[in-house]
Amino acid sequence: MSAIRKLLPAERGPYRAHLLRLDKADRYARFTGTVSDEVIAQHCESLDWTRTTLVGLFDRGELRGAVELCFDRLLWPGAAELAISVEKGFQGRGVGSTLVRRSLSIAANRGIRQVHLMCLSDNTRMRALSRRFGGHMERDGGEFAITIDLPRPSQFSLALEAFEDGAGAVSAVLDGLPALLKAA
């Protein structure tokens, strides 16, 4: 059973494990360069959960795809930065689109007007994904700087986020149920 939901600060371990499972090419695409296991561990430890929202795809309790959405009201008033990672076996199945759609809705509901992301020029999947959401691309050397303009929040978008958060909480409880029953 798969579920898409926000991650909690206590779930930085599953996020780190997901990033470490990325193959060499996907890790390079996610971080726009080569990074070691230690850099990934440090990145996950240094996450500021007051400025970061993580949305992930859990499949059978394992995190297999994630969007990291970073807000900084002082540096980027009205803007946020987005980074996405999807493990090889889950690519090409709409996971990235669903995670990005959910993250853009979360950003819009917080008054964010633009989301920015970077991708390498040869990352055709990311460029196609950003076009699907109306992204404007500017080439910057070997990378593309992408900007996605967001609509204002609506009653529907706020209600949908609340509903999705509730469904995610139920999924998280159900994922942990087998371990609870085994311990009983």
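Which residue in β7 does arginine 139 stand opposite? In this predicted model, the residue facing arginine 139 is phenylalanine 144. That pairing belongs to the contact between β6 (residues 136-140) and β7, two antiparallel strands joined by 5 bridges. The two strands make a hairpin with 2 residues between them, and glycine 141 in the turn takes a positive phi of about 70 degrees. On the β5 side, β7 is again antiparallel to its partner, with 7 bridges joining β5 to β7.

As for annotation, UniProt lists residues 2-153 as "domain: N-acetyltransferase", in an unreviewed entry. In the model, this span is 34% helix and 33% strand, and its end C-alpha atoms lie 27 Å apart.

Turning to the inside of the fold, nonpolar side chains tend to be buried together in soluble globular proteins. Here the largest nonpolar core holds 28 residues, and Val115 and Leu150 are the ones that touch the most other members. Two or more residues each come from β2 (52-59), β3 (62-71), β4 (79-86), α4 (95-109), β5 (114-120), α5 (124-132) and β7 (143-149). Helix α4 gives the largest share, at 7 residues. Once neighbours within four places in sequence are set aside, leucine 150 is in contact with Leu104, Ala107, Ala108, Ile112, Arg113 and Val115. There is also a second, separate core, made of 14 residues, with Leu7, Leu19, Val35 and Ile40 among them.

Next come the charged side chains. Side chains of opposite charge can pair when their charged atoms come close. A search of the whole structure turns up 17 salt bridges. In one of them, lysine 88 meets aspartate 23 at 3.2 Å, N to O. This pair links distant parts of the chain: lysine 88 sits in the loop between β4 and α4, whereas aspartate 23 sits in the loop between α1 (12-21) and α2 (24-31), 65 residues apart. Lysine 88 has a relative accessibility of 47%, so it counts as partly exposed. Aspartate 23 is partly exposed too, because its relative accessible area is 28%.

Lysine 88 also forms a salt bridge with aspartate 26, where the closest N and O atoms are 3.3 Å apart. Because aspartate 26 belongs to helix α2 and lysine 88 to the loop between β4 and α4, this pair ties together parts that are 62 residues apart in sequence. Aspartate 26 has a relative accessible area of 14%, so it counts as buried. The β4-α4 loop also holds glycine 89. With a relative accessible area of 53%, glycine 89 is exposed. Glycine 89 and leucine 22 are 67 residues apart in sequence, yet their C-alpha atoms are 10 Å apart in space.

A further salt bridge pairs arginine 60 with aspartate 59, at 3.1 Å from N to O. Arginine 60 is exposed, at 68% relative accessibility, while aspartate 59 is buried, at 12%.

Note on methods: Residues are numbered from 1 along each chain as its sequence is written. This is a predicted model: local features need pLDDT of at least 70, side-chain atom pairs count only at pLDDT 80 or more; totals for chains, interfaces and linings use all residues. Side-chain values use heavy atoms; hydrogens and water are left out. UniProt positions are given in the numbering used here, feature names are shortened, and annotations may be inferred rather than shown by experiment. Helices (H or I, at least four residues) and strands (E, at least two) are DSSP runs, numbered from the N terminus. A nonpolar core is a set of buried Ala, Val, Leu, Ile, Met, Phe, Trp, Tyr and Cys residues joined through side-chain atoms within 4.5 Å. Buried means under 20% relative accessible area, exposed over 50%, partly exposed in between (1.4 Å probe, protein chains only). Contact means heavy atoms within 4.5 Å. Two strands pair if DSSP finds at least two bridges between them. A salt bridge is a side-chain nitrogen of Lys or Arg within 4 Å of a carboxyl oxygen of Asp or Glu.
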